[in-house]
Amino acid sequence: MNAYSLPDLMKNIVVLISGRGSNLRSIVQASVAQQWPARVAAVVSNNPQAAGLEWAGQQGIATHVVNHKAYADRPAFDQALAQVIDPYQPALVVLAGFMRILTPEFVAHYAGRMVNIHPSLLPHFPGLHTHRRALEAGHREAGATVHWVTPELDHGPTLAQARVPVLPGDTEETLAQRVLQAEHELYPRAIGELLAQL
């Protein structure tokens with residue numbers, strides 16, 4: 001019996017990933033250690049090669065691939081994605097390094113149930129290359145933001161933030177690594193607090 005042989009009365013969380021799933025790991029580990037009233041019931045990726053899928057499967061978590069390359073456009077992909085997610089009736093849909101822009105219709109379908117983590121102190125630096133942009137702008141602080149997902153990219157209401165100092169000599173890579181470590185603490189904490197309110 002593994003950590004995911006849990007009663008059906010628990011709330012379900014579906015996590016969407018595109019890569020290694022490091023935030024996924026921190027969320028799953030926190031859910032077990034802190035005995036959340038919820039479980040990560042499924043992990044879905046647009047990338048068949050996402051390393052996080054293998055790890056999730058090893059934990060006994062259901063995994064699914066919805067390869068965006070198999071669909072003609074974003075609406076078709078999003079519709080297929082929703083068809084995989086909806087049978088789990090998730091209390092939360094958690095974006096954890098999911099590198100696809102979602103349609104307004106998909107976002108509306110999960111309004112009030114979908115969260116994301118972004119590697120900057122929003123509203124600064126939405127989108128890509130956040131660490132490079134923070135360094136180029138001369139910011140003394142970087143960080144991460146957990147926010148509700150809304151149709152406008154990286155603009156949903158903030159749920160929590162973690163601040164990371166920019167150190168002398170920081171490169172894009174060194175700053176990114178420290179921000180990621182902060183994400184691994186911030187995201188599970190924010191989700192745990194959110195679940196307590198649902």
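1. Is G21 buried or exposed? G21 is buried, because its relative accessible area is 8% and buried means under 20%. Keep in mind that this is a predicted model. G21 sits in the loop between strand 1 (11-17) and helix 1.

2. Now take S22. This residue belongs to helix 1. S22 is also buried, because its relative accessible area of 19% falls under the 20% cut-off. Leaving aside residues up to four places away in sequence, S22 touches L180 and H184.

3. Next, the record. An unreviewed UniProt entry carries the annotation "binding site", and that annotation covers G21, S22 and N23. From this set, G21, S22 and N23 are part of the lining of the largest pocket.

4. How much space lies in the largest pocket? The figure is about 1000 Å³. The lining of this pocket consists of 41 residues. Nearest the pocket's centre are G97, M99, I117, P119 and L128.

5. Which elements build the lining? At least two residues each come from helix 1 (22-33), strand 5 (114-118), helix 5 (130-136), strand 6 (141-148) and helix 6 (172-197). Helix 6 gives the largest share, with seven residues.

6. In the largest pocket, 17 lining residues are nonpolar, 17 are polar and seven are charged.

Notes:
Residues are numbered from 1 along each chain as its sequence is written. This is a predicted model: local features need pLDDT of at least 70, side-chain atom pairs count only at pLDDT 80 or more; totals for chains, interfaces and linings use all residues. Side-chain values use heavy atoms; hydrogens and water are left out. On a 1 Å grid over the protein atoms alone, a cavity is a set of points where a 1.4 Å probe fits but cannot get out, and a pocket is an open set with protein on both sides within 12 Å along at least five of seven lines; lining residues have an atom within 4 Å of a point. Grid points are joined across faces, edges and corners, and a volume is the space filled by probe spheres set on the points. Helices (H or I, at least four residues) and strands (E, at least two) are DSSP runs, numbered from the N terminus. Ala, Val, Leu, Ile, Met, Phe, Trp, Tyr, Cys and Pro count as nonpolar, Asp, Glu, Lys and Arg as charged, and the others, Gly among them, as polar. UniProt positions are given in the numbering used here, feature names are shortened, and annotations may be inferred rather than shown by experiment. Buried means under 20% relative accessible area, exposed over 50%, partly exposed in between (1.4 Å probe, protein chains only). Contact means heavy atoms within 4.5 Å.
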